[in-house]
Amino acid sequence: MRKTGAVLVAAGLSSRMGAFKPMLPFGDSTIALHMVTMLRQLEVEPIVVVTGYQAEALERHLFHARVRFVRNERYEATHMFDSVKLGLKALEGMCERVMVMPVDLPAILPETFRQVMRIDAEIVRTVCHGKAGHPIMIQSELVPGLFSYEGDQGLRGAVRELGVRITNLEVEDEGIRRDVDTPKAYQELLEWDYERGNGYPLRPFVRLGLQGSEVFFGPDTASLLDLIDKRGSIQEACAVMELSYSKGSRMIRKVERQMGFRVVERRTGGIGGGGSLLTEEGKGLLRSYEGMQREIQGYMQGIFWKYF
């Protein structure tokens, strides 16, 4: 079997999750340690972990796991593909092929990785019930071509531009797509993993809310505002969160009543079309909430490891 390395991307802010995803409990350890341990048991070597946000904490956590670290110092201003390229650069000349994936996919089965590693193809992509997932395995000789990509479609766009045939591996493993971008997705992943025979991990539960005359702002509200900011539409943001438009609008109005300023600006028709944007006050409120949430979660995680 050809020598296989791996790039695990763990540089993001975890803003929608409200907690540092790589160090969330999973199995008998954490998401990051679980992923690294599983890959090492499969004799994947070397393993590069790309860090950014909370880099020092994660690097200390994985200190004894025999992995290599590369920091994306510009993690706040760059995209996931920039972190992927840093990881691939660190593996240059060290393996014949490399598996690439975000760190927050801890439910991928070891057998899925084994199946990927048995295939000798230029690019291998896992697929479950017609939907593509991770890991993606790339032959090392193709990596320089990825670096030359200048588009905005990330790794998918870079692979497409290579013009190389992608070998799809159909697997019966929903874990290839089950990430933990939000608290809801994390809880659903734990429940699903429990149903297939694994236990619940012990973990602290912290939910930050803001209260005036009533509780008016929490993780769901933050996710809604974040999606409005990214997609420019209340309707699209509500659809992603599986909320009715009326409920999403009520959440926004509640925030505006309590704060005394508008957080969302609605635009109708015209040359530029309709849509919705966060006001400057809305953006400031979201940044403040996310910053406070990250600090509290980091503090609580430290207390958790101290006592448990």
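Glu174 is partly exposed, with 37% relative accessible area (buried means under 20%, exposed over 50% and partly exposed in between, for a 1.4 Å probe and protein chains only). Its partner in a salt bridge is Arg178, with the closest N and O atoms 3.4 Å apart; a salt bridge here is a side-chain nitrogen of Lys or Arg within 4 Å of a carboxyl oxygen of Asp or Glu. Arg178 is likewise partly exposed, at 24%. The model is a predicted one, in which local features need pLDDT of at least 70 and side-chain atom pairs count only at pLDDT 80 or more, while totals for chains, interfaces and linings use all residues. Residues are numbered from 1 along each chain as its sequence is written, and side-chain values use heavy atoms, leaving out hydrogens and water.

The salt bridges number 18 by this rule. One of them joins Lys230 to Asp226 at 2.7 Å, N to O. Both residues belong to helix H8, 4 residues apart, about one turn of the helix (helices are DSSP runs of H or I with at least four residues, numbered from the N terminus). Lys230 is exposed at 60%, whereas Asp226 is buried at 6%. Elsewhere, Arg2, Glu96 and Asp120 are linked in a network of salt bridges.

Helix H8 (residues 219-231) also meets helix H9 (residues 234-241): their axes come within 8 Å and cross at roughly 130°. Axes are lines fitted to C-alpha atoms over the stretch in contact, with angles from 0 to 180 degrees between N-to-C directions.

Definitions and conventions. Helices (H or I, at least four residues) and strands (E, at least two) are DSSP runs, numbered from the N terminus.
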